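Here is a friendly note to read alongside the model. Keep the viewer open and look up each residue as you go.

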Amino acid sequence: MRKALLLLAALPAAAFAQVTGAPSPPPRTEADARVERLRDAALKDDVAFDIMEGLTTEIGPRMAGTQQEARARTWAVAKLKSLGFRNVRVEEFRMPTWVRGAETAEIVSPFPQKLSVTALGQSASTGPNGITAEVVGFDNIEALRRAPAGSLRGKIAFVSHSMTRTQDGSQYGFAGPARWNAPQVAKDKGAVGIVIRSVGTDYHRNPHTGGTNWAVPGEGAAGNARRSGAVDPSTLPAIPAGALSLPDAENLGRMLERAPRNRPVRMRLVLTPRWIGQQVSGNVVAEVPGTDPDAGVVLIGGHLDSWDLATGAFDNAAGVAITAAAAKRVMDAGRPKRTIRVVWFGAEEVGVFGGTEYHRRHNADTGRGRVVLVGESDFGADRVWRVDFGLGPQNKALGDRVAAALAPLGVARGGDRAAGGADVGAWAREGTAVIDLQQDGMRYFDLHHTPDDTLDKVDREQLRQNVAAWTAMLATVANAPEEIGRASSPD
Ligand SMILES: [Zn+2]
């Protein structure tokens, strides 16, 4: 009911946006009848769920650089071949690999009790005996930034934040800095360790892991070496950094308020992750060859790796399953004009190594390898509710046809703000056309990077709606008679 109301609210705005700037309303765009048939058949899809079930059951957690991720690649190659894809291959690369160790946290005084904790990706180790230190609490990262220089020397920082559920996931950008940046800020002020309130929205005693960013010495907390790919993160100075479940973070907050002045809150923190050197990861690539080599490639996918706490159903077995299932539907209906290339990227969670490497290797491809449009699914398995475009002005009619094909699925037209996801973002940033099928994020941060990210959370009908939306979009763009141009010139 809530979603229906939201859709009704969104539609007039979209209609208005089409009218402004034109002297008269353009004729309503009818989706191609063939696209409609493919779309509606996809509402009975079982391929995506089968891929998710296979990956989460036969492989399970797929931490980047580990044997688990290598097994996932082998599984993926066999699966994609059995589905009928062509040119199935692995493009390997090497990346610095971090693995989890022991992790415990307990308050030793004045209110002794254990807390539920997990290490953040790229955390330093406390050593097996752990560290015991006074906890200094901050309501948010801004309060931490205001702490005087050196004031956290010898202390463990605790950084909280507030985060609510949002359909578009925008609260991740608001709360995320507590994980991405606060550890470096705490380190700069002398802290020997940090625990944060998990960046998540559930009240289970599940801490949420996820990567943090350490700065290159001299660059300060603003440095973002991890995403650049230019610096080996294992060489950066770091401190032990963990996340507490929401119930534990709130309990710690109350302890800090109730502790007597002469008996500050002291925590024993044990985190023993370690770097295991440069290991092999890889991108798994599969194709639906097009009939017109000059028409370019439509590049879609998700990431094959996952964090290690769960089987990575929402993040991101769903994304690889949805995109492959949709591509198979277009393939089975007859060869499309353009090649559809499905990439299951490696090592996304730990720093977008796969997406960065894929772009670096193929950005300059010309002729039949030229990528003309990108798309990515990496926001769980719940329904697509909005489509955003990043198309050049010459492809406005193409956007209209895609939006028309999606509307019957309850997908509203958003703005021209598509940016792709982490793995295809580099293409979008340098001007390649991009379409974002935005998924409902209301449940996403209950599960994200927790032990709860498992297959049972998948709503099969919403998963099928995703496949239908991707099928409609892919069938339209892969067969579009017009040239797909750049959204903007490279910057
Ligand atoms: Zn993801």
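How many bridges join β4 to strand β8, and do the two run parallel or antiparallel? Three bridges join them, and the two strands run antiparallel. Please remember throughout that this is a predicted model.

1. **The sheet that holds β4 and β8.** These two strands belong to an open sheet of eight strands with mixed pairing, in the order β3-β2-β9-β5-β6-β7-β8-β4. Its edge strands are β3 (113–115) and β4 (117–119), each of which pairs on one side only. From one strand to the next, the twist averages 35 degrees. In general, strands of a sheet pair through backbone hydrogen bonds, either parallel or antiparallel.

2. **A second sheet.** There is also an open sheet of eight strands with the order β1-β10-β12-β11-β13-β16-β14-β15, again with mixed pairing. Here β1 (86–99) and β15 (412–413) stand at the edges with a single partner strand each, so one side of each has no neighbour in the sheet. The partner of β1 is β10 (residues 274–288): 11 bridges join the two, which run antiparallel. One place to look is Val99, which stands opposite Arg274 in β10.

3. **The nonpolar cores.** Which residues have the most contacts inside the largest nonpolar core? They are Phe85, Trp344 and Ile435, in a core of 101 residues. Helix α11 gives the most to this core, with 13 residues. Another core, of 29 residues, lies apart from the largest one and has Ile131, Val135, Met255 and Trp307 among its members. As background, nonpolar side chains tend to be buried together in soluble globular proteins.

4. **Helix α3 and its cover.** Helix α3 (residues 47–59) has 13 residues and reaches 17 Å from its first C-alpha to its last, close to the 18 Å expected. Its buried residues are Ala48, Phe49, Ile51, Met52, Gly54, Leu55, Thr56 and Ile59, and what covers them includes α4, α11, β12 and α16. After the helix comes Gly60, with a positive phi near 85 degrees.

5. **How α3 meets α16.** The two helices pack at an angle of about 115 degrees, with their axes 9 Å apart. Ala48, Phe49 and Met52 in α3 meet Arg460, Leu463 and Val467 in α16. By class, this contact has five nonpolar residues, no polar ones and one charged residue.

6. Is Pro207 buried or exposed? It is buried, because its relative accessible area is 7%, which is under the 20% cut-off. Pro207 is found in the loop between β7 and α9. Beyond its neighbours within four places in sequence, its contacts include Ser116, Val117, Thr118, Leu309 and His449. The C-alpha atoms of Pro207 and Pro247 are 9.4 Å apart, although 40 residues separate them along the chain.

7. **Backbone spots worth checking.** The peptide bond from Ser109 to Pro110 is cis, with omega near 0 degrees, and Pro110 is found in the loop between β2 and β3. Another cis peptide bond joins Asp315 and Asn316, with omega about 15 degrees; Asn316 lies in helix α11. Gln122, in the loop between β4 and β5, has a positive phi near 80 degrees without being a glycine. Ala347 is not a glycine either, and its phi is positive at about 50 degrees. Gln122 counts as buried at 6% relative accessibility, and Ala347 counts as buried at 0%.

Definitions and conventions: Residues are numbered from 1 along each chain as its sequence is written. This is a predicted model: local features need pLDDT of at least 70, side-chain atom pairs count only at pLDDT 80 or more; totals for chains, interfaces and linings use all residues. Side-chain values use heavy atoms; hydrogens and water are left out. Two strands pair if DSSP finds at least two bridges between them. Helices (H or I, at least four residues) and strands (E, at least two) are DSSP runs, numbered from the N terminus. The expected span of a helix is 1.5 Å times one less than its number of residues. Buried means under 20% relative accessible area, exposed over 50%, partly exposed in between (1.4 Å probe, protein chains only). Contact means heavy atoms within 4.5 Å. Axes are lines fitted to C-alpha atoms, for helices over the stretch in contact, and angles run from 0 to 180 degrees between N-to-C directions. A nonpolar core is a set of buried Ala, Val, Leu, Ile, Met, Phe, Trp, Tyr and Cys residues joined through side-chain atoms within 4.5 Å. Ala, Val, Leu, Ile, Met, Phe, Trp, Tyr, Cys and Pro count as nonpolar, Asp, Glu, Lys and Arg as charged, and the others, Gly among them, as polar.
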